[in-house]
Structure formats: structure tokens, C-alpha cells
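Visitor: I'm new to reading protein models. Could you walk me through one, feature by feature?

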Amino acid sequence: MKAGHFLDLADLDRAEIAGLLDLAGRLERRPEPRALAGKVLALLFFNPSLRTLASFQSGMARLGGSSFVISPGQGSWLLETRQGAVMDGAAAEHVREAIPVLASYADALGIRSFAGGSDLAADLADSTFRAMVEVCPAPVINLESALNHPCQALGDWKTMDDLDIPAAGGKFVLTWANHPKPLPLAVPAAAVHMAAARGMEVVVLRPDKYALPAAVMAKAQRAAAASGGSLRETAARDDALAGAQVVYAKSWSSPAHYGDLDTEHRLRAGLRHWCVDEDWFAPARLDCRFMHCLPVRRNVVVSDAVLDGPRSVVVHQARNRMWSQMAVLHELLKGNGR
Ligand code: CP
């Protein structure tokens, strides 16, 4: 991988993405249980996970390597991430020391560090995550930062390839969905960029006040322009879903009221009907698929009928996290003589 890290799918050109997807498919069909023998992956999780943690540990083991997990404050020191902090609070150690130390025990470091959720400009700049990458002497894998989830995006691209969902011109609808809490922008930003980079007709369906930030849309527009895809947004459900081949649901915070929890809760009280149900698919293609990154709240984000029905490919998506991440690990670490 030219960049030496795996931080953002936008850092890779189309040929590099195609190479990773080919490799992921090959590793799925033909195991390479010694490919990363002797290699160690450190996984630093500031936030909870089921899929990312388990799929990286399983993937590393399937390639013959090993991994260890640090969850700050759970059996290890709480870590400070703020630059220039006076560390007289709960955190005993700064990431400026902890990250180089962890990197000295490993060949690559995965970091999960979610959005702060109060300062939109800081979260759009992904500043906390970027500062950690800067002090890491080893390759870094983004396990979900404030604004990005490239591992999810790569696995989702593979899932659509597996299902023969057309890249050029296939219609991909990213829909906002109900949720009791304001959630980060990382997955919607990564998903809309990925589908645009794949060359799809991308529509963002969202209520008023939930338009994605201009910077997120502009990045996806650039990807669409390069791939021959398209991107637009609307609040009109039937228009968005007409002819859709994929409905990808995700909730996110209102960029217009970022960090304002009272307004978020007031807005969301009127948006409980944004729970994806079978009737949403009436204008879509008969074989339209339902995607979600998981975890998902049943009958809040999406109905049981959709999740348990034939449209849902959410477990396929989760499984593809492992194969696609194995390809990333293989590319970053095979032949790396650190
Ligand atoms: N989709 C995803 O990243 O899942 P986890 O939060 O469980 O890792």
C-alpha cells in the first residue's frame, strides 16, 4: 500500500482498491495460514466494538500472526489524547508515549477513536485520530475515527461485488434512520464516499436538519466525478428509493445542531417513523438489498421483518470485514521487515 497506513479509502486509487478486493476474495477461497507468521498486531480501542475487534483478531490468527488488545481504563491506564493537557485528572499516560510504546511491541497498530460529538470542526478534521497517527512509527489501521471507517467501507464494497450489485450506475441509497442517541458521522461519511468511488448513483435520504456536512458531500462528489458515478441528497423517500438496488441505513447527528443534545432529542422525537420497514421498498427494485454496518437497534432503526427477511445482508457485510481486513493486513505486513 503506497500510503504505508490504512486510514481512508480515499488514499487508495481504484487499482489499489481492486487489488485489495481481489486479495480478500483469494484469502476467502484459499487460506494462507503462514502468510503473517511472527507478525504482531496491536489493537487500541478507546470505544467498544464487537465486529472490528473480533474480525481483526480472527483475521490475524488466520494469517498466522497474533494480536493484543488495549482498552484504556479497562485493565490498562487511562490515556490522555488532548495536546497540551495538564494531566492532573484520571488519565495516567499520554498517547504521545503510549502509542510509540505499543508500536515497539508490534508490526502495526489499529486505533479506534470515535468522534467527541461536541465540536463539529474538530471532528471533521479528525484531529484526535490524526495526532495519534503522527506519533506512531508503525503502520496504522483506522478502526473507526471521528470521520471515517475505511475497514467498513472496504468490506461493504466487497459485499456489493459478491452480490453482483452493479458498480457503474447501481443505485445506492444511504438513508438516515431513527436512533435514541446522536451518533457519529464516520460510517455515513465512509459509506457515501465508498459508493461514489465505486461509480454508483448515490442518493442520501435524510430529514431536514440532517444534511451531511458540506465537506463530506464534497469529498464524495469528487469521488463520483472520478468514477463516473453521481451524488445527490433529498428528503423525499419515494423519489430516493425509486429503482434502488441497495438501501444502507445509518443514524447520524444533526450537523446543524451538533453537540446540542436538547435540540437533538426534540428533533428525534418527531422522527421515529424513520425506521426502515418493508413498505419503504415499494418503489425500489424487487431484489433491493438492505445494508447496515451493525450494531443495529431492532424496530428502532429497522424492523424485524426487514432484518430477518431475504433483503438483509448485514451478516454477510460483517463477515466481509474479516476477509477485506485480512487483505489490508497482508498488504501492510507481508515482507515488512520492521
Ligand atoms: N461495524 C462495526 O464497526 O462494528 P463494531 O462497532 O462492533 O466494531
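Guide: Let's start with helix 12. Helices are DSSP runs of H or I with at least four residues, strands are runs of E with at least two, and both are numbered from the N terminus. Helix 12 covers residues 314-333, 20 residues in total, and reaches 29 Å from its first C-alpha to its last, close to the 28 Å expected at 1.5 Å a residue. That expected span is 1.5 Å times one less than the number of residues.

Visitor: What should I know about the source of this?

Guide: This is a predicted model, where local features need pLDDT of at least 70 and side-chain atom pairs count only at pLDDT 80 or more, while totals for chains, interfaces and linings use all residues. Residues are numbered from 1 along each chain as its sequence is written, and side-chain values use heavy atoms, leaving out hydrogens and water.

Visitor: In what order do the five strands of the open sheet run?

Guide: Two strands pair if DSSP finds at least two bridges between them. Here the order is 9-8-7-10-11, with parallel pairing. Strand 9 (230-234) and strand 11 (289-291) stand at the edges with a single partner strand each, so one side of each has no neighbour in the sheet.

Visitor: And which residue stands opposite Val173?

Guide: Val203, in strand 8. Strand 7 (residues 171-176) and strand 8 (residues 201-205) pair in the parallel sense over five bridges.
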